[in-house]
Every structure is written in C-alpha cells, then in structure tokens.
Amino acid sequence: MKKLAILGSTGSIGHSTLSICESFPGRYQVISLAAGNNIDAAFAQCLRWRPKAISLATESLAENLKSRLKAEGITNIEVVHGTSGSIHVATLAEVNFVVSAIVGVAGLEATYAAVCAGKTIGLANKECLVAAGELIIAAAKQHNVALLPIDSEHNAVHQCMRGGTAAEVRQIWLTASGGPFRNTPIAEFERITPQQALKHPTWVMGQRITIDSATMMNKGFEVIEACRLFNLPAKQVRTTIHPQSTVHSLVEFVDGSILAQISVTDMRLPILYALAYPERVAVTEKESLTFDLTTLSQLDFSQPDLTRFPCLRLAYEAAETGGNACIALNAADEIAVAAFLEGRIPFLGIPRTIEDVLQLTSGQSPASILDVLDADLAARDCAREVIARQFTGARR
Ligand SMILES: NC(=O)C1=CN([C@@H]2O[C@H](COP(=O)(O)OP(=O)(O)OC[C@H]3O[C@@H](n4cnc5c(N)ncnc54)[C@H](OP(=O)(O)O)[C@@H]3O)[C@@H](O)[C@H]2O)C=CC1
Ligand SMILES: CC(=O)[C@@H](O)[C@H](O)COP(=O)(O)O
Ligand SMILES: [Mn+2]
C-alpha cells in the first residue's frame, strides 16, 4: 500500500491527488498533508481523510485549525506549521510516498528532506528542480530514491523512455500549449491584463504556473527540469508548440523513431501513473480518464517564437550558465509574476525584470540547500529593486 504525504494538498495538484485516492479506495492511504493558508480546505481535508498530521503556513493558522478540529471532537491529528512543519509531515516514518506539490521554493526544504529520508517522490514542484536540481538529484542517487515526474511533459517522457534506454535518446521534445497569447501580436503584449493571462487555453492550474504558461517561462522551467531528470544537456531538450495539449511530450531515439504519449488533458492521469509506478492501474469510464481516439482530428506542431516569448530564451540561457542563474531565474520570476498579478508591472515587465536580475547574477554553483536559499533570497531582493527602479508608478 502506498502511504502518502501530500505537500500542497489544498492546491490544484493536491486536489487531483486526493481525487485519485477517492477513486481507488484501499490502494492509497493519506498519512499526512501540508497546506499554506487555505484553512477551510485544510479543515475539510482533515474531516474527510483523518491524516495523522497536517502542516499549515503559520502558527496562528495551526492554532485555529486545532480549535476547529477540537470543536468536532478530533484531537488525534497533529497540527504543525511552517517549513519545519512541512518537513515533519513529509518525513514521518509511516510515509513511503511524498507528492511534492507546494508551489515554488517554499516546497524545497520539505522535498529535499523527504528525499534524504528515502521516500519515493511524485514530483510536481518543478521550481525545486530549477533552483536545486543538482543537489536533489545527487541526494536521490545517494539515498536510492525514485523521483517520479508528475509534471505532464516529464511524465510523458518518463513513459516514452520505457521504450528505450537513455543512451538511445537523440533528443526529447516538450510540448507547449503556447498559452493564451500564442497568436497575439507583440504590439498588444503591453496591454495584457492578469485576467486575460489567467485564462489558460487547455489546463486549469494554480495562478503562478498559469502566468508562467502565458509567458512561456513554464516551458523554460520544464527544459531545466528535463535536463535534471533525464540527465541531458539543454540542447537535447527541444520545445514545440502543440495547441491541443494532447501529445504531452515525445522522445526521439537515435534511429529516428519518435515515441509520443497521448492522453486526456487531466493531471489525474500523470498523478495516477506516478502513484502506481511501476504498475499501471486500470481505469474505468467512471473516472473519465480514457482518451477517445475517434474524436482526434488534428495535431499541430510549430516552433516557439522567442521574440514574443523571451522567458523561454532566458531559461535556455540560465540552463547554459547553470548554478545560481537557475536559482535567480525562478526567484525573479516568482517576484515578477506576483507584481504583475498585483498590477504593479506590465506583462512584458516579467521578462524585463528577470533579464535584469540574471545580468547581476553569477553562475556560481550552490554547495548546499542553504546556499540555494541564500541565493534565492538575494535574487528576490534584486528583483524587488529592479521593479522599484523601473516600474514605480507603472500602470497595466
Ligand atoms: N496545476 C497543474 O496542473 C500543474 C502544477 N505543477 C506544479 O505543481 C506545483 C503546484 O501547482 P498548483 O497545484 O497548480 O498550485 P496551487 O497554487 O493550486 O497550489 C499550491 C499549493 O501550495 C501551497 N502552498 C503555497 N505556499 C505554501 C507554503 N509557504 N507552505 C506550505 N504550502 C504552501 C498552497 O496552499 P494554500 O492554497 O493552502 O495556501 C497550495 O496547497 C507547482 O510547482 C506547479 O508548477 C506542475 C504541472 C502541472
Ligand atoms: C499540466 C502541465 O504539465 C503544465 O505544465 C502545462 O504543460 C502548462 O501548459 P503550457 O504548455 O501552456 O506551459
Ligand atoms: Mn507541464
């Protein structure tokens, strides 16, 4: 039986993971949860799943949740908080599988601790691998831990790789929807609003990744994520615009064969694959996870336009530089995306901020997770300064 810690249980991936647990009773046991600020969702999850432990972002939220549980007569759920809390729930002795789905570097320490504690990881949190990929991969090797990708593209590559060995791979192709502005002329980019950018054409996801998809930074992060997971240089990780989001990615082998993975546009499928690996679980019509090939009429593929989507170019450059550049790429993006959502910078202010921060960053490699966190904080400060200098008084 897989005994789960779900980090980011109140988010989009967290909900999809719990929905899989609901669909396959007896197969997965929810041992622990970690959430941020959504205390109502956390409370409801405690009532439904009765975890042994749950972590929330702050002490006051944890105290509040404890009182609400007590009022229901529930006193046997340990309620903890903060980074130490998420590390605690991720490393409980009973847990053997950790779903890493806290958004951003906030999920890094718990994910790293889980790897070091020998837990199998279902990895959705790509920002962890962007910022600290080399350290996480080294720890996974040292502790003989499987890192099973949940991110749909990497999950697809993982599935296609079962058709060959790593040495037989010529390159991999990550598909990109192109986001809501795939066909928008560059002249209109300055006027893009958060509401427009939050309308992803094919996926329903959390806010940060949805904006990252709109700038195509998501694909840039995924290139770095793929380099780390599949031990490939960035030049062997290609991207292609595929607006249907039906082919989730492809692996091209040395003999010219290309294997693709096709399935519904639903994150429950890669989550189920990772949870069940190395087995495959049979689904029925009830779960609506099967793909009706007779409805398939068109699959389009085209080259991304790096002029309209400079974030993708910046990510390839950071991948080339390595070390702190990838940490800064993620940290500056997180600050810039928040500023865009708050109306403090325009849409194109996101790549402008990141580019400025990258120019001020060295390619030095972090030797420890503490180094990563220091470099992350420094890049955030730098991004805030860039925004204050360049965009004060800016209007969308
Ligand atoms: N959604 C998707 O389809 C996909 C997502 N991913 C990746 O998965 C991760 C999660 O994405 P998604 O589910 O969309 O994001 P959401 O914004 O929907 O959820 C984020 C989760 O992280 C929690 N969280 C945020 N900050 C903290 C914190 N400081 N401490 C503890 N928990 C925190 C949130 O808690 P709360 O809400 O309670 O504040 C929430 O549970 C991201 O890294 C994303 O890139 C990858 C591929 C696809
Ligand atoms: C579901 C998933 O894995 C997302 O990362 C998705 O791929 C985002 O869509 P884009 O292809 O638009 O970035
Ligand atoms: Mn993805």
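This dialogue walks through an annotated site and a ligand shell in a predicted model.

Reader: What ground rules apply to this predicted model?

Author: Local features need pLDDT of at least 70, side-chain atom pairs count only at pLDDT 80 or more, and totals for chains, interfaces and linings use all residues. Residues are numbered from 1 along each chain as its sequence is written, while chains are lettered from A and ligands numbered from 1 in the order in which they are written.

Reader: Which residues does UniProt list for "binding site"?

Author: UniProt positions follow the numbering used here, feature names are shortened, and annotations may be inferred rather than shown by experiment. The unreviewed entry lists Asp-151, Glu-153 and Glu-222. They are spread over 72 residues of sequence, yet cluster in space, with a largest C-alpha distance of 8.4 Å.

Reader: Is Glu-222 buried or exposed?

Author: A residue is buried with 20 or more other C-beta atoms within 10 Å of its own, exposed with 12 or fewer, and partly exposed in between; C-beta atoms are placed from the backbone. Glu-222 is buried because 30 other C-beta atoms lie within 10 Å. Glu-153 is buried too, with 27 such neighbours.

Reader: Which residues does Glu-222 touch?

Author: Contact means C-beta atoms, placed from the backbone, within 7 Å. Leaving out residues up to four places away in sequence, Glu-222 touches Lys-126, Asp-151, Glu-153 and Leu-174.

Reader: Which residues are around ligand 2?

Author: The test is a C-beta atom, placed from the backbone, within 6 Å of the molecule. Among them are Asp-151, Glu-153, Trp-203 and Lys-219.

Notes: Contact = placed C-beta atoms within 7 Å.
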